[in-house]
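Me: Please go through the ring contacts and the sheet of this model with me, in questions and answers.

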Amino acid sequence: MTDQAVFEGAHFQTILTQEPLKEATVFSQGSSSMLFERGDRLYRLTLEGCGHNFLAQQWAEGNRHVVEIIHDYGAVGPSDSSLPGSANEFYWLAEVERLVSVDENNEPLLAGVMSGLLDDNDDLPANCALSERCRSLADEHPDLAGVLITLAKSAEFAERHDGNVDTKLDNIMRRPATGELVWTDPLGGCLYEP
């Protein structure tokens, strides 16, 4: 979780008064995104345009190892962030599916593979090396291949857009109906304009 200030300001307040977030309640909040629920619908509002657009693109192309984008609203308003370099950033909104969390106790193989991506300093390799490593691991671990190939694709997308990949285990969830592993919040650190 992060400081609430990321999601404060006039633009954010305006978004909350408009459909579909009008009358929605906060479900959860992370460092650069918030989930809202309204009835049985779940909405993800984020400041990371690169990650939002990667997920939308992958879902549209048939990749079922990313969160389902039920409806992509795109950029819905300018960011309120006062951080350096954020003057041209936006809030991005999508209706998404409900997923269930995974944790290292229930997913020891996945947790081990994810931590194995880090070097001795707990840093990820450069995007190109990360993509290659994930593709190699997908061959070694066929049960994890879908999410590892998706991670490789996110590293390639990040490379093109000068971003970074967030490989934390809490960015992977399960689709309850099928048990598929799903990547939910993959990219950050790059500007993506509408």
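**Rings and sheet**

Reply: R64 lies over the face of W59, at 3.7 Å from the ring centre. The model is a predicted one.

Me: Over which ring does the charged end of R98 sit?

Reply: A charge counts as over a ring when, among other conditions, it is within 6 Å of the ring centre. The charged end of R98 is 5.5 Å from the centre of its ring, which belongs to F27.

Me: Is the pair of Y43 and Y73 stacked, edge-to-face or tilted?

Reply: Six aromatic pairs are found in the whole structure. For Y43 and Y73 the ring centres are 6.4 Å apart. Planes under 30 degrees apart count as stacked and over 60 as edge-to-face. The planes of Y43 and Y73 stand at 55°, so this pair is tilted.

Me: Is Y43 buried or exposed?

Reply: Y43 belongs to strand β3 (residues 41–46), and its partner Y73, 30 residues apart, to strand β4 (residues 69–78). Y73 has a relative accessible area of 32% and is partly exposed. The cut-off for burial is under 20%. With a relative accessible area of 4%, Y43 is buried.

Me: Which strands stand at the edges of the open sheet?

Reply: The five strands follow the order β1-β2-β3-β5-β4, with antiparallel pairing. A strand with a single partner has one side left without a neighbour in the sheet, so the edges are β1 (25–29) and β4.

Me: Which residue in β5 is the bridge partner of L45?

Reply: β3 and strand β5 (residues 90–96) run antiparallel and are joined by five bridges. The partner of L45 in β5 is L93.

How values were computed: Residues numbered from 1 in each chain as written. Predicted model: local features only at pLDDT ≥ 70, side-chain atom pairs only at ≥ 80, totals over all residues. Heavy atoms only, no water. Phe/Tyr/Trp six-rings, centres within 6.5 Å; stacked < 30°, edge-to-face > 60°. Helix = DSSP H or I, 4+ residues; strand = E, 2+ residues; numbered from the N terminus. Buried < 20%, exposed > 50% of the residue type's maximum accessible area, 1.4 Å probe, protein only. Lys NZ or Arg CZ within 6 Å of the ring centre and 35° of its normal. Pairing = 2+ DSSP bridges.
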